[in-house]
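This briefing concerns aromatic contacts and a nonpolar surface patch. Please consult the sequence and the structure shown below.

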Amino acid sequence: MKYDVVVVGGRIGGSSASLFASKNGADVLMIEKNQEIGTPVQCAEATSSRTFKTLEIEPSPHYIRSEIKGADIYAPDGTRGHLEGGYAEGFILERKIFDKDLAIEAANVGAEIMVKTRVKSLIKKEGEVCGVVAKHMGSTVKIKSDLVIVADGVESQVAQMAGLNTKQTPKTLCSCAQYEMVGLKMDPHYLKFYFGQNIAPKGYAWIFPKGENVANVGVGIRSNKKTAYHFLKKFASSLDATPVELNIGGVPVSGPAEKTYTNGLMVVGDAAGQVEPFTGGGIHITAHCGRIAGEVAAEAIDEGNYSANFLKKYEKRWKNEIGKDLKDSLKYRKILDQLSDDEINMLAKFLKTQDLKSISKMSMLSFIKEYPQFLKLLKEIL
């Protein structure tokens with residue numbers, strides 16, 4: 001078996017890379033370890049309209065469960081803030097359908113797909129990755145390629161086989177647990193976020209509507225002796241709703257890997273830590289980086305150059321286009337980590353009285369004078 005590009009992982013990162021590599025003339029094989037693309041779901045399923053622009057596809061009612069217009073944010077003492085439009089707009093997807101549809105898009109432009117196929121090792125020649133050895137339906141298969149794109153999630157070890165430091169630890173991950181619940185009566189167009197050490201230590205809880213009376217209810221935490229599932233059960237017990245699905249997983253929230261390419265290989269998405277550290281959201285970022293990897297792969301095939309020196313343009317592009325957003329998101333997450341529940345309550349009460357689009361200098365100075373502990377944080381933000 002021989003292809004121009006082997007893509008490891010059939011979710012959003014892998015399908016995005018396969019789609020754009022194939023569109024640009026590369027002969028692509030995408031392999032997925034599970035027997036069905038799209039399951040299991042390990043995501044709150046929210047994304048922005050930018051995802052569809054990046055992928056050059058129209059959003060479809062086939063997989064869009066709810067159109068989001070804004071969000072309600074609750075401080076530990078219950079103080080409610082509201083965001084309307086802008087950054088808070090987007091969609092809730094049915095990832096089981098969306099991921100498979102995206103893989104179908106890639107297949108329609110020429111990508112081949114093998115499911116239930118798990119990479120066991122990399123093929124290397126003179127220090128350059130040139131294929132994979134995989135287990136497919138009980139048989140070992142050797143698949144040669146000019147390039148490998150790794151997009152197989154936070155648990156990936158394939159990039160490490162190539163010598164890249166993409167290993168995650170409990171300190172770099174947000175531990176998440178989520179129910180899909182039925183019976184919740186809420187506005188289907190607004191997200192809900194809840195903060196507090198007793199709700200979700202160093203994280204937050206969420207309710208994301210999926211149409212009438214159905215929602216994803218989840219909790220993400222970091223560095224706690226109790227599990228995310230413990231806090232999920234506690235949070236969900238106050239809701240008059242019934243769980244019909246449970247998903248548990250980890251999200252990398254400490255910024256992207258230091259290096260995301262090497263000779264013959266690029267790494268994309270959760271496997272590369274390409275996730276917003278503040279929110280834990282990664283659908284659009286993964287699609288964006290997947291597209292870049294696919295386009296760079298096709299360029300490399302055209303030029304016959306698969307060296308790290310050529311593939312570094314992948315990292316240069318994604319850093320130029322979204323690197324600053326990821327750095328800022330990590331900075332804000334670290335700032336939030338420093339706040340006690342009382343301080344979050346103070347900040348929430350202040351923001352509730354302000355027009356978030358035009359907070360005056362006088363009101364900010366008045367707040368700092370009353371709560372001087374925020375001066376250091378303000379300097380970090382600015």
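This is a predicted model: local features need pLDDT of at least 70, side-chain atom pairs count only at pLDDT 80 or more; totals for chains, interfaces and linings use all residues.

**Aromatic pairs of Phe-52**
- Phe-52 and Tyr-63 are stacked, because their ring centres are 6.3 Å apart and their planes lie at 10°, under the 30 degrees that stacking requires.
- Phe-52 belongs to helix α2 (residues 50-55) and Tyr-63 to the loop between α2 and β4 (64-68), so this pair ties together parts that are eleven residues apart in sequence.
- Phe-52 is buried, with a relative accessibility of 3%, and Tyr-63 is likewise buried, at 4%.
- Phe-52 also forms an edge-to-face pair with Phe-98, with 6.1 Å from centre to centre and 80° between the planes.
- Because Phe-98 lies in helix α3 (residues 95-108) and Phe-52 in helix α2, their pair ties together parts that are 46 residues apart in sequence.
- Phe-98, like Phe-52, is buried.

**Aromatic cluster**
- One aromatic cluster is formed by Phe-193, Phe-195, Tyr-204, Trp-206 and Phe-208.

**Nonpolar surface patch**
- Tyr-229, Leu-246 and Ile-248 make a nonpolar surface patch of about 250 Å².
- Ile-248 is located in strand β16 (residues 242-252).
- The relative accessible area of Ile-248 is 47%, so this residue counts as partly exposed; the cut-off for exposed is over 50%.

Key:
Residues are numbered from 1 along each chain as its sequence is written. Side-chain values use heavy atoms; hydrogens and water are left out. Patches are made of residues with over 30% relative accessible area and no salt bridge: like charges are joined within 9 Å, nonpolar side chains (Val, Leu, Ile, Met, Phe, Trp, Tyr) within 5 Å. Accessible areas come from the Shrake-Rupley method with a 1.4 Å probe; for residues, only the protein chains shown count as cover. A salt bridge is a side-chain nitrogen of Lys or Arg within 4 Å of a carboxyl oxygen of Asp or Glu. Helices (H or I, at least four residues) and strands (E, at least two) are DSSP runs, numbered from the N terminus. Buried means under 20% relative accessible area, exposed over 50%, partly exposed in between (1.4 Å probe, protein chains only). Rings of Phe, Tyr and Trp (its six-membered ring) pair if their centres lie within 6.5 Å; planes under 30 degrees apart count as stacked, over 60 as edge-to-face and the rest as tilted.
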